[in-house]
Amino acid sequence: MAQKMQNERTLVIIKPDGIQRSLMGEIISRYERVGLKLVAMKMVLPTPERATEHYMVGGEEWLETVGEKAAAAYEKKGEKSPYKTYRDNGVAILEANAKYMSAGPVLAMIWEGSHAIPLVRKITGGTEPLGTDVGTIRGDFTLDSYQLADADNRSIRNLIHASGDPEEAKKEIAIWFDEDDIIEYRHIQEQILYDVNMDGILE
Ligand code: GDP
Ligand code: MG
């Protein structure tokens with residue numbers, strides 16, 4: 001049973017600011033050292049269309065929820081949202097995200113291992129770099145905030161995209177990779193991480 005969990009896959013994208021800040025190696029090492037296995041990697045210059053497709057995997061529902069979240073943030077600051085509906089706010093975020101993601105080359109990767117999805121999210125940190133924990137990638141390597149992003153009417157620059165749940169991961173992987181881009185192999189450390197008796201015989 002545990003063996004099946006080892007195959008969990010998640011999509012990680014180092015966004016254009018991560019590339020331009022020369023943080024590729026640093027970021028990759030964070031996922032690598034925890035014990036995850038890299039099974040695909042590709043440098044891509046995304047078109048705005050592909051970036052839009054990526055952010056729309058959550059469909060109309062995502063436009064509403066992200067718009068609602070942003071509207072709540074305006075209220076919390078004692079301001080009124082400039083958008084008529086949650087959806088309008090969601091569309092504005094989508095457009096800003098697509099512009100950000102297609103601003104330059106990105107590095108798309110698939111990481112595999114037990115709990116790959118929540119593990120990568122934990123290591124990556126929360127959406128807003130300013131508010132997230134020290135020790136996470138977004139907390140340690142950049143300084144953006146919703147306040148800065150909103151003042152310039154742009155997307156929050158948080159270095160990385162990481163899938164949020166298994167359904168999102170599956171859809172997102174299909175946008176960036178073909179099946180034969182993914183390499184299945186045995187990593188030697190699986191003998192320590194997953195082998196029941198640590199004797200090299202996988203039960
Ligand atoms: P992530 O999974 O942590 O990247 O966050 P989400 O999937 O919720 O949102 C995707 C992207 O939309 C984020 O990386 C932000 O760039 C943007 N975003 C999300 N929520 C907000 C918000 O409340 N306000 C603004 N301005 N942008 C947001
Ligand atoms: Mg997300």
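In what order do the 4 strands of the open sheet stand? The legends below take up this predicted model, beginning with the sheet.

**View 1. The open sheet is built from 4 strands.** Their order is β2-β3-β1-β4, and the pairing is antiparallel. β2 (37-44) and β4 (160-162) stand at the edges. Each has a single partner strand, so one side of each is left without a neighbour in the sheet. From one strand to the next, the twist averages 15°.

**View 2. A salt bridge ties Lys37 to Glu190.** The closest N and O atoms of Lys37 and Glu190 are 2.8 Å apart. The pair links distant parts of the chain, 153 residues apart. Lys37 belongs to strand β2, whereas Glu190 sits in helix α11 (residues 190-193). For the model, the salt-bridge count comes to 12.

**View 3. The chain is divided into two parts, domain 1 and domain 2.** Domain 1 takes in residues 2-45 + 104-194. Domain 2 covers 55-101. Their C-alpha centres lie 23 Å apart. In domain 1, 20 residues are in contact with 10 residues of domain 2.

**View 4. Domain 1 and domain 2 bury about 1100 Å² between them.** The size of an interface is often given as the accessible area lost when the parts come together. Here, 60% of the buried area is on carbon and sulfur atoms. On the domain 1 side, Lys15, Asp150 and Ser155 lose the most area to domain 2. Together these residues make up 35% of what that side buries.

**View 5. Lys77 and Asp150 meet through their side chains in a salt bridge.** The N to O distance is 3.6 Å. How many salt bridges does the rule find across the interface of domain 1 and domain 2? The count there is 1. Polar contacts between domain 1 and domain 2 come to 4 residue pairs, with both residues at pLDDT 80 or more.

**View 6. Helices α2 (16-20), α9 (146-151) and α10 (166-176) contribute to the side of domain 1 that touches domain 2.** Each of these helices supplies at least two residues. Which helix gives the largest share of that side? The answer is α10, with 4 residues.

Technical notes
Residues are numbered from 1 along each chain as its sequence is written. Chains are lettered from A and ligands numbered from 1 in the order in which they are written. This is a predicted model: local features need pLDDT of at least 70, side-chain atom pairs count only at pLDDT 80 or more; totals for chains, interfaces and linings use all residues. Side-chain values use heavy atoms; hydrogens and water are left out. Two strands pair if DSSP finds at least two bridges between them. Axes are lines fitted to C-alpha atoms, for helices over the stretch in contact, and angles run from 0 to 180 degrees between N-to-C directions. Domain bounds come from an automatic or database domain assignment. Contact means heavy atoms within 4.5 Å. Buried area is the accessible area (1.4 Å probe) that two parts lose on being put together, summed over both. A salt bridge is a side-chain nitrogen of Lys or Arg within 4 Å of a carboxyl oxygen of Asp or Glu. A polar contact is a pair of N or O atoms within 3.5 Å; within protein, one must be able to donate a hydrogen and the other to accept it, and residues adjacent in sequence count only if both atoms are side-chain atoms.
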